[in-house]
Amino acid sequence: MKYVLGNKTEGDGKHSPKGIIVLEDTTEYISYAPKEEIKAQDRRPFDLLVIINPKLKKRSNRSALFFEGCLSVDGFRAVVERHLDVEVTGFGRDGQPIKVDASGWQARILQHECDHLDGTLYVDKMVPRTFRTVQNLDLPLAEGCPKLGAR
Ligand SMILES: [Zn+2]
């Protein structure tokens, strides 16, 4: 996603970071998206979040399909199915344990970022035949593709 970073750092000590995710979604970023999309994606602003050694698990069986992008594959989008409710535990900037319960778009960003730490990009999980350039984002989905939204 345009507004988030995924980074992997190598550590050798027991307490050194193995991975760090950094994410935020601001009112300004969100303001560039169409209103219906913001609503459908359950996208709400949240402050800069830094999680060291994040561990993610789903909190429900709800999922949703939406287009997703990534700076590592700039200029493209594809539909990815993601959990709608996740819990991420890890350590904060201050070294203290933290737990983040997220849903909607924030849950998607967390899954996207945690995937980066495993070397997984959204293109590894995308719904086949939905990959396209940003310029072609609004073209109809290919026949047989699942509809966007929660399922
Ligand atoms: Zn990414």
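Start by selecting Arg129, which counts as partly exposed, with 13 C-beta neighbours inside 10 Å. The model on screen is a predicted one. Why is Arg129 not called exposed? A residue is exposed if 12 or fewer other C-beta atoms lie within 10 Å of its own, and buried if 20 or more do; Arg129 has 13 such neighbours, so it is placed in between, as partly exposed.

Keep Arg129 selected and look at the chain around it. Arg129 sits in the loop that runs between α3 (104-117) and β8 (132-133).

Next, select Asp42. Where is Asp42? It is in the loop between α2 (35-40) and β3 (46-58). Most residues other than glycine have a negative phi. Asp42 is not a glycine, yet its phi is positive, at about 50°. Asp42 is also partly exposed, as 16 other C-beta atoms lie within 10 Å.

Last, move along to Asn53, which lies in strand β3. What is the phi of Asn53? The value is near 50°, which is positive, in a residue other than glycine. Is Asn53 buried, exposed or partly exposed? Asn53 is partly exposed, because it has 16 other C-beta atoms within 10 Å, and a buried residue needs 20 or more.

Technical notes
Residues numbered from 1 in each chain as written. Predicted model: local features only at pLDDT ≥ 70, side-chain atom pairs only at ≥ 80, totals over all residues. Helix = DSSP H or I, 4+ residues; strand = E, 2+ residues; numbered from the N terminus.
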